[in-house]
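The sequence and structure are shown first.

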Amino acid sequence: MIDLYYWPTPNGHKITLFLEESGLPYTIKPVNIGKGDQFQPDFLAFSPNNKMPAIIDHAPNDLGEPVSVFESGAILLYLANKTGRFFGDDVRQKVEVNQWLMWQTAGLGPMTGQYGHFTVYAPEKIDYAIDRYTREVQRLLGVLDKRLAGRAFIAGDDYTIADMAAYPWINPYTKAPLDLEPYPEVRRWHAAIAARPATQRAYALTAQVNPDAGKPLTEEERKQLFGR
């Protein structure tokens with residue numbers, strides 16, 4: 001039903017988390033971002049920002065032509081609306097889910113990504129950049145920790161696309177781990193999601209799709225990923 005154009009990164013994990021939870025049938029189409037697959041014309045035809053993930057739904061709810069969606073937040077919203085799951089049951093719940101999804105796509109993801117770039121991948125250490133993004137990620141973790149106090153999940157008692165979006169961006173860089181000790185609610189929430197069978201299935205795809213995950217980047221991979 002769904003072709004998932006995917007590579008095992010935090011943004012890629014967002015979509016496999018949803019698909020494994022939902023049971024929707026899907027086929028993985030690997031997009032090896034270290035080899036430049038994201039720049040191929042056939043991929044750019046439906047993902048013009050040359051980023052994965054992207055999907056093509058061959059069985060949309062309107063029974064019409066296939067629907068393509070790029071950008072991880074937009075994909076999560078599309079899939080939630082397609083299935084009627086993980087997005088809340090009424091307008092007020094949907095507002096809660098949607099605003100925290102936007103918080104992740106506009107804040108937690110990009111800021112953590114910059115933290116990772118300057119601490120792990122940058123060819124030279126720039127103290128100002130490392131300090132700037134470390135402090136911003138710590139601030140965002142503090143926001144999330146306060147939000148989770150008294151709640152099982154970000155939007156309340158139910159697991160939603162807001163959680164699926166945020167989870168992969170909590171401490172994703174093994175070579176530059178953040179201290180999560182000051183954020184007990186984040187640690188509790190993260191452990192609960194990690195224990196879900198669907199989460200374990202989603203993350204098991206890493207070794208299947210990219211057996212070289214975790215190895216140092218080659219110069220060619222750096223060029224494709226960072227334009228260097």
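## Secondary structure

Helices are DSSP runs of H or I with at least four residues, strands are runs of E with at least two, and both are numbered from the N terminus. In this predicted model, the protein chain has nine helices and four strands. Read from the N terminus, the order of elements is β-α-β-α-β-β-α-α-α-α-α-α-α.

## Overall dimensions and packing

The radius of gyration of the protein chain is 18 Å, close to the 17 Å that the globule rule gives for 228 residues, so the chain is as compact as a globular protein of that length. Along the principal axes, its C-alpha atoms fill a box of roughly 55 × 45 × 25 Å.

Of the 228 residues in the protein chain, 48% are buried. Among contacts with a separation of 6 or more, 65% join residues 24 or more positions apart. The chain exposes about 11500 Å², and carbon and sulfur atoms supply 52% of that area.

## The second largest pocket

The second largest pocket holds about 190 Å³ of space. Its lining comprises 14 residues, with G88, D89, Q93, D158 and T160 lying nearest the centre. By class, the lining has five nonpolar, five polar and four charged residues.

## Residue A45

A45 lies in the loop between α2 (41-44) and β3 (54-57). A relative accessible area of 67% makes A45 exposed, because the term applies over 50%. A45 and S68 are 23 residues apart in sequence, and their C-alpha atoms are 9.8 Å apart in space.

Definitions and conventions
Residues are numbered from 1 along each chain as its sequence is written. This is a predicted model: local features need pLDDT of at least 70, side-chain atom pairs count only at pLDDT 80 or more; totals for chains, interfaces and linings use all residues. Side-chain values use heavy atoms; hydrogens and water are left out. Buried means under 20% relative accessible area, exposed over 50%, partly exposed in between (1.4 Å probe, protein chains only). On a 1 Å grid over the protein atoms alone, a cavity is a set of points where a 1.4 Å probe fits but cannot get out, and a pocket is an open set with protein on both sides within 12 Å along at least five of seven lines; lining residues have an atom within 4 Å of a point. Grid points are joined across faces, edges and corners, and a volume is the space filled by probe spheres set on the points. Ala, Val, Leu, Ile, Met, Phe, Trp, Tyr, Cys and Pro count as nonpolar, Asp, Glu, Lys and Arg as charged, and the others, Gly among them, as polar. The radius of gyration is taken over C-alpha atoms; the globule rule is 2.2 Å times the number of residues to the power 0.38. Contact means heavy atoms within 4.5 Å. Accessible areas come from the Shrake-Rupley method with a 1.4 Å probe; for residues, only the protein chains shown count as cover.
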